[in-house]
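This note is meant for a colleague opening the model for the first time. Please keep the sequence and the structure side by side while reading the points below.

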Amino acid sequence: MTSRILVAGIGNIFLGDDGFGPEVIRYVPRESVDPRVQVVDYGIRGMHLAYDLLDGCAALVLIDAIPNQGEPGTLHIFEADHENVSTTAGLDAHAMDPGAVFASLNALGGTPPHTVVIGCEVANVQDGIGLSEVVAAAVPGAVRAVQSVVADLLARTVAQER
């Protein structure tokens, strides 16, 4: 297994707060990132992400907008539950829902890596470019969360390689 950690910003920048993942990726510092960490703005390219995951990685950090089930702008950090992902989805080149990405990966014969999701509760996913004020205000905290999660994953990876 590779020790690569993939940090993936996902979402549609043309649907307001759904562009949270790509916006966070814009601010993740590239110059200080460990060479084992790959930071990519996938936007709505779900199949691209699924194929990249076929190459193998130790862990995946997904940055995404999450359904407004709480206070808009609230950040959540949690581990993805791959056991309960539907495997009935077909190969859809435009599906960006994480469940669709993992189902596509399974359909291609791959296995999802350990996945940490950094999500932000949305306020607006109507047509339009730009985040709402409350979600935009969560971006710096999400960048810090990415840095913290990646540091933890790198430490775990090093410990497992020993």
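With which residue does Arg26 form a salt bridge? The answer comes in the first point, and the other points follow from there.

1. In this predicted model, the partner of Arg26 is Glu23, and the closest N and O atoms of the salt bridge are 3.0 Å apart. The two residues are separated by about one helical turn, because Arg26 and Glu23 stand three residues apart in helix 1, which covers residues 20-27. Arg26 counts as exposed because its relative accessible area is 56%, and exposed means over 50%.

2. The protein chain has an average pLDDT of 87, and 87% of the residues score at least 70. Over residues 87-94, however, the pLDDT is below 50, although this stretch has 14 contacts in the model beyond its near neighbours in sequence. Where pLDDT is low, the predicted coordinates should not be read in detail. By element, the mean confidence is lowest in helix 3 (residues 98-107), at 84, and highest in helix 4 (residues 133-136), at 97.

3. For the overall layout, the protein chain has five helices and five strands, and from the N terminus on, these elements run in the order β-α-β-α-β-β-α-β-α-α. Of the 162 residues in the chain, 46% are buried. Among the contacts between residues at least 6 apart in sequence, 81% join residues that are at least 24 apart. The accessible surface of the chain comes to about 8,200 Å², and carbon and sulfur atoms account for 52% of that surface.

4. After helix 3 comes Gly109, which has a positive phi, near 95 degrees.

5. Strand 5 (residues 114-121) contains Thr115, a residue that counts as buried because its relative accessibility is 1%, and buried means under 20%. What does the side chain of Thr115 reach at 2.7 Å? It reaches the backbone oxygen of Pro113. Leaving aside residues up to four places away in sequence, Thr115 touches Leu60, Leu62, Phe78, Glu79, Ala80, His82 and Phe102.

6. Asp18 sits in the loop between strand 1 (5-10) and helix 1. A polar atom of the Asp18 side chain lies 2.8 Å from the backbone nitrogen of Asn12. Asp18 and Ala65 are 47 residues apart in sequence, yet their C-alpha atoms are 5.3 Å apart in space. Not counting residues up to four places away in sequence, Asp18 touches Ile10, Gly11, Asn12, Asp64, Ala65, Asn124 and Val125.

7. A last point concerns the cysteines. A search of the whole structure finds zero disulfides. Cys57 counts as buried, at 5% relative accessibility, and Cys120 is buried as well, at 1%.

Technical notes:
Residues numbered from 1 in each chain as written. Predicted model: local features only at pLDDT ≥ 70, side-chain atom pairs only at ≥ 80, totals over all residues. Heavy atoms only, no water. pLDDT = per-residue confidence, 0-100. Helix = DSSP H or I, 4+ residues; strand = E, 2+ residues; numbered from the N terminus. Contact = heavy atoms within 4.5 Å. Disulfide = S-S within 2.5 Å. Buried < 20%, exposed > 50% of the residue type's maximum accessible area, 1.4 Å probe, protein only. Polar contact = N/O pair within 3.5 Å; in protein donor to acceptor, adjacent residues only side chain to side chain. Salt bridge = Lys/Arg side-chain N within 4 Å of Asp/Glu carboxyl O. Areas by Shrake-Rupley, 256 points an atom, 1.4 Å probe, with all protein chains shown as cover.
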